Amino acid sequence: MSATDLDSEAPASFVVNVPGIADAELEPEPLDPEQIVSGEPVVTGKVLSESPDGRQIRGIWQITPGVVTDTEADELFVVVSGRATIEVEGGPVLEVGPGDACVLREGDRTRWTVHETLRKAYHISV
């Protein structure tokens, strides 16, 4: 397979404009009760685009204050609003807030302490 063949398989570049991203209507995404460490966090989200093979997902995700655990996918996200502390097991403690870009690796086990309702725009590779 040549580099030209690879280029033709890649999706085209694009822009997604979500007017009022900070206020966009999101859909419930219930947490597994075993993920909740403390508080009563509520998760909502909206998928904006997904590749035909389902391996690339882009969207908006929000969580209200509380403490939850998760096992991460390969993800890049930018915080739109809110603040959280993300503790990566065996790794760094990440403080995130508006405008911060964050990369999480597939398999990272995390503990999210959400201080203020956090909304992020994300790209996940599965």
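Student: Hi! Which side chain does the side chain of Q62 make a polar contact with?
Tutor: Hello! Q62 pairs up with R119: their side chains make a polar contact at 2.7 Å. Keep in mind that we're looking at a predicted model.

Student: Got it. And where is Q62 found?
Tutor: Look in strand β4, which covers residues 56-63.

Student: Is Q62 buried or exposed?
Tutor: Q62 counts as buried, because its relative accessibility is 17% and the cut-off for buried is under 20%.

Student: What else is Q62 in contact with, leaving aside neighbours within four places in sequence?
Tutor: There's a stretch with V42, V43 and T44, and another with T117, L118 and R119, plus L26. R119 is the residue from the polar contact we started with.

Student: Nice. Switching to E95, where does that one lie?
Tutor: E95 is part of strand β7, residues 93-96.

Student: Buried or exposed?
Tutor: E95 counts as exposed, because its relative accessibility comes out at 54% and the cut-off for exposed is over 50%.

Student: So which residues does E95 touch, not counting those up to four places away in sequence?
Tutor: Those are A84, T85, D100 and H115.

Student: How far apart are the C-alpha atoms of E95 and T85?
Tutor: They're separated by 4.6 Å, although the two residues are ten apart along the chain. E95 is also the bridge partner of T85 in β7.

Student: In which sense do β6 and β7 pair, and over how many bridges?
Tutor: Strand β6, residues 74-88, pairs with β7 in the antiparallel sense, over four bridges.

Student: What about the hairpin, how many residues sit between the strands?
Tutor: Four, and in that hairpin G90 takes a positive phi near 75 degrees.

Student: New topic: aromatics. How many aromatic pairs does a search of the whole structure find?
Tutor: Two pairs turn up. W61, F77 and W112 are linked into a cluster by ring pairs.

Student: And what sits over the ring of W61?
Tutor: That's K120, whose charged end is 4.4 Å from the centre of the W61 ring.

Student: Which ring face does K120 also lie over?
Tutor: The face of F77, with 4.3 Å to the ring centre. W61 and F77 both belong to the cluster I mentioned.

Notes: Residues are numbered from 1 along each chain as its sequence is written. This is a predicted model: local features need pLDDT of at least 70, side-chain atom pairs count only at pLDDT 80 or more; totals for chains, interfaces and linings use all residues. Side-chain values use heavy atoms; hydrogens and water are left out. Helices (H or I, at least four residues) and strands (E, at least two) are DSSP runs, numbered from the N terminus. Buried means under 20% relative accessible area, exposed over 50%, partly exposed in between (1.4 Å probe, protein chains only). Contact means heavy atoms within 4.5 Å. Two strands pair if DSSP finds at least two bridges between them. Rings of Phe, Tyr and Trp (its six-membered ring) pair if their centres lie within 6.5 Å; planes under 30 degrees apart count as stacked, over 60 as edge-to-face and the rest as tilted. A charge sits over a ring if NZ of Lys or CZ of Arg is within 6 Å of the ring centre and within 35 degrees of the ring normal. A polar contact is a pair of N or O atoms within 3.5 Å; within protein, one must be able to donate a hydrogen and the other to accept it, and residues adjacent in sequence count only if both atoms are side-chain atoms.
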